[in-house]
Amino acid sequence: MTPPVTGSSVTESTPTKAKSGGCGCDTSTTVEMDEKLQERIAKHPCYSEEAHHHYARMHVAVAPACNIQCNYCNRKYDCANESRPGVVSELLTPEEAAHKVLVIAGKIPQMTVLGIAGPGDPLANPEKTFRTFELIADKAPDIKLCLSTNGLMLPEYVDRIKQLNIDHVTITLNTIDPEIGAQIYSWVHYKRRRYRGAEGARILLEKQMEGLQALREADILCKVNSVMIPGINDQHLVEVNKMIREQGAFLHNIMPLISAPEHGTHFGLTGQRGPSQKELKSVQDQCSGNMKMMRHCRQCRADAVGLLGEDRSQEFTKDKFLEMAPEYDFDKRQEVHEGIEKFRVELKAAKEKVLAGKEKTASNPKILVAIATKGGGLVNQHFGHAKEFQVYEVDGSEVRFVSHRKVDHYCQGGYGEEATFDNIVKTIADCKAVLVSKIGESPKEKLLQAGIQTVEAYDVIEKVALEFYEQWNKG
């Protein structure tokens, strides 16, 4: 199977069902509504785990101001070396942002989503945010529009969001308890007054709940981001999940706290640790029963460009993209997307063939495997070129994506290779194998000494993972 040059994806099932409300609607109504919902997320790499292998997104940094101060946030400008929310290399005007989108839509035709996520809060900068969306919606109608917000001003702008056909909104909601919120937020600025402690957190929560309800009534898909902070809200996130599910959120993304002293955040400077991979997965698993969980988030910069897991923003800095003529071509983009969709169908058929006849057995042990992939749902990357590994859980009948783990390049020309390799081993130590397109004999031997087998292949992830599982289970 040869993927298209630009990448592509498979159709994933959506468990959401239409609510009949006792009206006696037949199942065809439910199927029709599920199909419409699937169509809304099919090319959105954040709302569809499967689509993120093939479709790209970009953020434009037009919203510098913020109306709350989170203890995990420090907005940084002119910074090319950090990959986390709130960080950008340069701020743009709405006109510059629109120009950049049209340039990139031509250079990266599989880019389907434009988001505004900062570096502050888009709704604390409403004029710049909505002007940007207006310009892009007029010139690039096939690009989905998204925004991410803390939710404080969301109730005031839902009508405007709906009017501009912004179909996806993310709210960062870390707690439903103001006392816990007092430990997360330093202050909340609302209606020209600054509130601290539980009082500020209570105002924020009230507006977040109002906004979530208003989005549901407006039929706008809502993803909720929650930052997992050990010792503060980690055990509480199950309650958050229950509440947002009842309020109609479509997707829950539980993200690990990024906390390092060099980031200059309050939590980083006070030694607040982030969760381990095991702790994060445990909470995600507890919350996954009745609600769709996002496990493939990369906690992107506010100027990220490209597939999730890659960032091409430095290819399109202001001094570069302003010199480029927009290459947006609707017909050419549609042709590329058709190629992606054709590949998705082929990949789905290949996966179904692999999984056919595999009966789920409760007694089968579950193991983790790490995948080196450039996208496309394939094992297709050299071990030494991987910036991250995608981790899947395998039990002999199912292969399920559970997380991604960032690493440094192993192939660095000699300098620091030993330390880098040790970090890679530590990062995937709980995996039984690493699946790669190619690997050298030296790292292969070192991995084996660390108890991690290697598999070299170029094929569908599920096929390679299940073949390894059968071999591992026999041994």
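**Close-up views of a predicted model**

View 1. K444 is partly exposed, with a relative accessible area of 23%. (Buried means under 20% relative accessible area, exposed over 50%, and partly exposed in between, with a 1.4 Å probe and protein chains only.) Both residues belong to helix α13 (residues 441-449), three residues apart, about one turn of the helix. (Helices are DSSP runs of H or I with at least four residues, strands are runs of E with at least two, and both are numbered from the N terminus.) The K444 and E441 side chains form a salt bridge, 3.6 Å from N to O. (That term needs a side-chain nitrogen of Lys or Arg within 4 Å of a carboxyl oxygen of Asp or Glu.) Elsewhere, salt bridges with shared partners link K281, D285, R295, K366, E393 and R400 into one network.

This is a predicted model: local features need pLDDT of at least 70, side-chain atom pairs count only at pLDDT 80 or more, and totals for chains, interfaces and linings use all residues. Residues are numbered from 1 along each chain as its sequence is written, and side-chain values use heavy atoms, with hydrogens and water left out.

**View 2. Two further salt bridges.** The whole structure holds 27 salt bridges. Side chains of opposite charge can pair when their charged atoms come close. E96 and K318 pair through their side chains at 3.5 Å, N to O. E96 sits in helix α2 (residues 94-107) and K318 in helix α10 (residues 318-321), so this pair ties together parts 222 residues apart in sequence. E96 counts as buried, at 19% relative accessibility. K318 is partly exposed, at 23%. A second pair joins E279 to R273, with the closest N and O atoms 2.9 Å apart. E279 is partly exposed at 29%, and R273 is partly exposed at 44%.

**View 3. A five-stranded open sheet.** The strand order is β14-β13-β11-β15-β16, with mixed pairing. (Two strands pair if DSSP finds at least two bridges between them.) β14 (399-406) and β16 (453-456) form the edges; each has a single partner strand, so one side of each is left without a neighbour in the sheet. Neighbouring strands are turned by 25° against each other on average, direction ignored. (Axes are lines fitted to C-alpha atoms, for helices over the stretch in contact, and angles run from 0 to 180 degrees between N-to-C directions.)

**View 4. The β13-β14 side of the sheet.** Strand β13 (residues 388-394) runs antiparallel to β14, joined by seven bridges. V394 stands opposite V399 of β14. Helix α9 (residues 277-287) lies across β13 and β14, at about 140° to β14.

View 5. Strand β11 (residues 367-371) pairs with β15 in the parallel sense, over three bridges. I371 stands opposite L435. β15 and β16 also run parallel, joined by four bridges. There, L435 has V455 as its bridge partner.

View 6. α6 (residues 197-217) has 21 residues. Its span from first C-alpha to last is 31 Å, close to the 30 Å expected at 1.5 Å a residue. (The expected span is 1.5 Å times one less than the number of residues.) D219 follows α6, and its phi is positive, near 60°. P155 lies in helix α4 (residues 154-163) and is partly exposed, at 30%. Its C-alpha atom is 8.0 Å from that of Q208, 53 residues away along the chain. Neighbours within four places in sequence aside, P155 is in contact with K207, E210 and G211. (Contact means heavy atoms within 4.5 Å.)

**View 7. The whole protein, for orientation.** The protein has 14 helices and 17 strands. Of its 475 residues, 55% are buried. Among contacts between residues at least 6 apart in sequence, 72% join residues at least 24 apart. The protein exposes about 21000 Å², with carbon and sulfur atoms supplying 48% of it. (Accessible areas come from the Shrake-Rupley method with a 1.4 Å probe; for residues, only the protein chains shown count as cover.)
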